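The paragraphs below lead from the overall surface and fold to the metal sites. Please keep the sequence and the model at hand while reading.

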Amino acid sequence: MMNRREFLQFLGISGVLAKIPAEAFAKTAINSLPHLAANLEDKLLTVDGLQYKILMRWGDQINLTQKFGFNNDFIAFHPLQNDRGILWVNHEYVHPLFINGNDRTKANVDAEMLEVGGSLIEVKKIKDEWVFIKDSQYNRRLDANTKIPFAWHTPIAGSTVSIGTVSNCAGGKTPWGTILTCEENYDMVWGDHDRKGNKTPSGQSWNMIYPRPPEHYGWVVEVEPLTGNAKKLISMGRCAHECAAVTKGKDGKVVAYTGDDANDEHLYKFISDSKSSLEMGKLYVADLKKGEWISLDRKDQTILQKNFKDQTEIQIYTREAAKLVGATPLARPEDIEFDPLTGHVFVALTNNKNKNDYHGSILKIMENDNDPSSLKFSYETFLTGGENSIFSCPDNMVFDTKGNLWFTTDMAASSIGKAPYEHFGNNGLYVFIRSGSHAGEVIRVASAPVDAEFTGPCFSPDYKTLFLSVQHPGESSLTKDNPTSSWPDGKIPKSCVVSITGPVLNKIVQGKL
Ligand code: FEO
Ligand code: CA
Ligand code: CA
Ligand code: CA
């Protein structure tokens with residue numbers, strides 16, 4: 001049986017592994033590559049030729065009154081002059097045990113509400129190392145108490161303003177330099193209800209102390225990195241938004257893709273009316289069988305006119321509208337990125353255990369005429385998770401300029417090391433190599449501490465540093481005194497942002513591995 005590289009050479013394909021499930025190949029000749037073996041150590045391990053440094057830890061003071069929040073996730077880099085930049089970092093959720101404890105008192109909930117949202121922090125490159133600038137005017141927090149207006153013509157659940165942003169998972173960047181941060185599992189703290197009043201309980205019960213409308217959460221939030229000013233984009237619908245990946249159509253209009261990370265939920269595309277705003281436009285949902293983007297505009301759909309009183313109601317109950325128009329159920333769409341070599345849209349489908357899809361895959365969407373504004377597309381599976389692929393449960397992704405796909409995995413903390421995940425070790429950072437003698441091969445380049453996942457991979461503008469979040473080490477801990485992880489300091493586990501550098505990274509991003 002041929003390995004991937006031989007098979008690609010046979011096909012004459014230099015880069016993309018199209019329509020070929022990983023299981024079609026024998027195990028790759030990874031010994032010839034820099035490669036990190038699967039392991040279960042409570043360490044951040046890197047392949048030889050890479051190293052990491054901790055840039056920020058949970059609890060670090062970022063200005064006189066505010067601290068770096070819990071469970072950092074998505075990272076975006078906003079460049080400033082002279083080797084400086086602002087990092088936006090999501091803080092997705094808390095593990096109450098490590099804040100003030102599991103008791104649902106007002107004091108404990110108040111403390112937790114300061115830990116979520118996002119951080120803006122200034123960094124500067126000094127002698128090839130990015131360091132945090134403690135006294136920067138740009139250092140600030142958004143949290144569960146920050147007032148954020150809705151960018152919409154009609155109030156949402158009776159208000160034009162929401163209080164706070166929560167469950168900020170992944171995100172994106174706009175062509176005009178703002179940052180998108182996506183509210184994913186907001187029901188974890190605020191609960192939810194459907195249009196009939198059927199309630200979804202909240203695991204962390206903040207709503208018992210502060211009864212806020214769940215309709216105010218589950219949006220894509222746009223943030224100005226210089227000021228921290230924010231608005232919630234009702235235009236892109238409400239669901240468990242993982243991310244928002246923005247590009248431009250051939251007509252110059254802004255197009256944003258976003259996935260709803262839940263079993264059998266959907267992939268959406270928003271086409272803006274404007275070339276410089278995401279506030280107004282049309283939301284579509286993917287029908288993979290027909291290869292069509294279906295409009296969720298009430299004016300276009302008789303079935304939506306029958307079931308929804310106005311467009312605002314469709315935006316709030318997007319999932320319900322999507323199902324009425326025939327959207328395709330997917331295996332938890334997570335991050336979305338654009339291939340810099342082809343423009344194709346890559347979507348991480350992490351898993352769908354309900355359908356015995358334990359390892360997930362990466363989907364490739366090819367828009368007709370390669371135009372993001374097109375309403376027709378074709379698709380294929382780009383990579384399949386599983387033992388032969390050395391990874392399971394792909395989640396966050398980033399391309400480098402040579403088209404190498406760097407991606408992280410998110411096996412649930414409770415599943416790591418156990419069947420059917422026993423072959424993968426801890427969660428990791430992987431690279432799909434795009435060109436050269438190793439084209440088509442996947443390398444594990446880093447391995448996360450116990451229970452953690454890597455999230456938010458983000459390159460510095462010179463592609464010499466990869467910023468990476470180490471999220472939820474020790475998540476399955478039952479007591480603070482005996483945590484399952486003591487990364488990074490040998491004490492209580494702390495989520496961190498690390499910067500990864502080294503000759504192997506430089507070789508890969510230059511296409512010279
Ligand atoms: Fe927060 Fe879908 O990961
Ligand atoms: Ca994620
Ligand atoms: Ca990404
Ligand atoms: Ca995930």
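The accessible surface of the protein in this predicted model amounts to about 19,600 Å², and carbon and sulfur atoms account for 50% of it; such areas come from the Shrake-Rupley method with a 1.4 Å probe, and for residues only the protein chains shown count as cover. Of the 513 residues, 59% count as buried, where buried stands for under 20% relative accessible area, exposed for over 50% and partly exposed for what lies in between (1.4 Å probe, protein chains only).

As for the conventions, residues are numbered from 1 along each chain as its sequence is written, while chains are lettered from A and ligands numbered from 1 in the order in which they are written. Because the model is predicted, local features need pLDDT of at least 70 and side-chain atom pairs count only at pLDDT 80 or more, whereas totals for chains, interfaces and linings use all residues, and side-chain values use heavy atoms, with hydrogens and water left out.

The protein contains eight helices and 33 strands, taken as DSSP runs numbered from the N terminus (helices H or I, at least four residues; strands E, at least two). Its radius of gyration is 22 Å, close to the 24 Å that the globule rule gives for 513 residues, so the protein is as compact as a globular protein of that length; the radius is taken over C-alpha atoms, and the rule is 2.2 Å times the number of residues to the power 0.38. The C-alpha trace spans about 60 × 55 × 50 Å along its principal axes. Among contacts between residues at least 6 apart in sequence, 60% join residues at least 24 apart, a contact being heavy atoms within 4.5 Å.

D395 sits in strand β27 (residues 394-399) and D410 in the loop between β28 (405-409) and β29 (428-432), the two being 15 residues apart; D395 and D410 are both buried.

The calcium ion (ligand 3) has D335 (OD), E337 (OE) and M397 (O) as protein donors, at 2.2 to 2.3 Å, with the spacing D-x1-E-x59-M. Is D335 buried or exposed? At 6% relative accessibility D335 counts as buried, whereas E337, with a relative accessible area of 23%, is partly exposed.

Apart from these sites, T384 belongs to strand β26 (residues 377-384) and is buried, with a relative accessible area of 18%. The C-alpha atoms of T384 and N207 are separated by 39 Å, and the two residues are 177 residues apart along the chain.

Note on methods. Donors = N, O, S within 2.8 Å, 3.2 Å for Na, K, Ca; no water.
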